[in-house]
Amino acid sequence: MTAESRPKSPEASASARALAPPPVLYGFLLLLALMFAVAYAVGSAAGPVSPGMSGSSDGGVVSPVDGGGGGTGGGQDDMDGMG
């Protein structure tokens, strides 16, 4: 018998199988990628959640610097009777 005609030892094939990732891992990664793709497609179809979230324009959002805060100015003066 020559060296090439001998069958491989069971230990060598067992160690090669131990280093390979389990097939369940491939299924999980495929499912994860599919779920991400579906979620991305649904999010793209739905559009922005609120008018100010597009990023391309301000969408009519008034910042506190512009005077559109509508509050009393904040601070500790608004906390009467809180301790």
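In this predicted model, L31 is found in helix 2, which covers residues 23–46. With a relative accessibility of 46%, L31 counts as partly exposed, because that class lies between the limits of 20% for buried and 50% for exposed residues. L31 also belongs to a nonpolar patch on the surface, which it forms together with L34, M35, V38 and V42, and the accessible area of these residues together is about 490 Å².

Which aromatic rings form a pair, and how are their planes arranged? A search of the whole structure finds one aromatic pair, and the rings in question are those of F36 and Y40, whose centres are 6.3 Å apart and whose planes meet at 25°, so the pair is described as stacked. The reasoning rests on the angle, because planes under 30 degrees apart count as stacked. F36 and Y40 are four residues apart in helix 2, which means that about one helical turn separates them. Both F36 and Y40 are exposed.

Turning to the protein chain as a whole, the table gathers its overall values.

| Property of the protein chain | Value |
|---|---|
| Helices | two helices |
| Share of buried residues | 0% of the 83 residues |
| Accessible surface | about 7,500 Å² |
| Share of that surface belonging to carbon and sulfur atoms | 66% |

Terms used: Residues numbered from 1 in each chain as written. Predicted model: local features only at pLDDT ≥ 70, side-chain atom pairs only at ≥ 80, totals over all residues. Heavy atoms only, no water. Patch = residues over 30% accessible without salt bridge, like charges linked within 9 Å, V, L, I, M, F, W, Y side chains within 5 Å. Areas by Shrake-Rupley, 256 points an atom, 1.4 Å probe, with all protein chains shown as cover. Salt bridge = Lys/Arg side-chain N within 4 Å of Asp/Glu carboxyl O. Buried < 20%, exposed > 50% of the residue type's maximum accessible area, 1.4 Å probe, protein only. Phe/Tyr/Trp six-rings, centres within 6.5 Å; stacked < 30°, edge-to-face > 60°.
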